[in-house]
Amino acid sequence: GGNARYMKISTEQLVKIPLELRAEEAVCLAEAYLSAFQGIHYGETMTSRYKDTSLCGKSILVVGALTNAGQAVIELAKIAGVTLIYAPCKMKHKDRIFELGATPLERKKEEWMPLL
């Protein structure tokens, strides 16, 4: 598991960490960003999921956009070419949602579900 002291994996499964990144920072990145990456690319082929245009023209809904994982989803979705990113939130958080690059929606799904 993730807390194992030793593990055996192939070199293709390794990710090179920049020298300026501390080990404890890299571990935090793996939790949020790897989960986000796998979530937004679920069901894609191994080769297409690594292209910058893998989700070009698609729309996504991010529930929990202000969490670490939610922010990672938004960031990676933009890199993958997602056109519209929606995020239900309290209206007091709408400016932050805009800063992240998503469109804030009212929290009541009855108000935004017809838009999707």
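Helices (H or I, at least four residues) and strands (E, at least two) are DSSP runs, numbered from the N terminus. The model is predicted: local features need pLDDT of at least 70, side-chain atom pairs count only at pLDDT 80 or more, and totals for chains, interfaces and linings use all residues. Residues are numbered from 1 along each chain as its sequence is written, and side-chain values use heavy atoms, with hydrogens and water left out.

**Exercise 1.** Locate Ser54 and state whether Ser54 is buried or exposed.

Solution. Step one is the position: Ser54 lies in the loop between α1 (23-40) and β1. Step two is the class, where buried means under 20% relative accessible area, exposed over 50%, and partly exposed in between (1.4 Å probe, protein chains only). Ser54 has a relative accessible area of 16%, so Ser54 is buried. Step three is the surroundings, with contact meaning heavy atoms within 4.5 Å. Leaving aside residues up to four places away in sequence, Ser54 touches His41, Glu44, Ser48, Arg49 and Ala80.

**Exercise 2.** Do the steps again for His41.

Solution. His41 is placed in the loop between α1 and β1. Its relative accessibility is 2%, so His41 counts as buried. Not counting residues up to four places away in sequence, the contacts of His41 are Arg49, Ser54, Leu55 and Ala80.

**Exercise 3.** Work out the strand order of the sheet and find which strands stand at the edges.

Solution. Two strands pair if DSSP finds at least two bridges between them. β1 and strand β2 (residues 84-88) are joined by three bridges and run parallel. In this pair, Ser59 stands opposite Leu84 in β2. The open sheet has three strands in the order β1-β2-β3, with parallel pairing. β1 (59-61) and β3 (103-105) each have a single partner strand, so one side of each is left without a neighbour in the sheet.

**Exercise 4.** Describe how α1 and α2 cross.

Solution. Axes are lines fitted to C-alpha atoms, for helices over the stretch in contact, and angles run from 0 to 180 degrees between N-to-C directions. The axes of α1 and helix α2 (residues 68-79) come within 8 Å and cross at roughly 55°. Angles under 35 degrees count as roughly parallel, over 145 as roughly antiparallel, 65 to 115 as roughly perpendicular and the rest as oblique. α1 is therefore oblique to α2. The contact involves Ala32, Tyr33, Ala36, Phe37 and Ile40 of α1. From α2, the residues include Asn68, Ala69 and Glu75.
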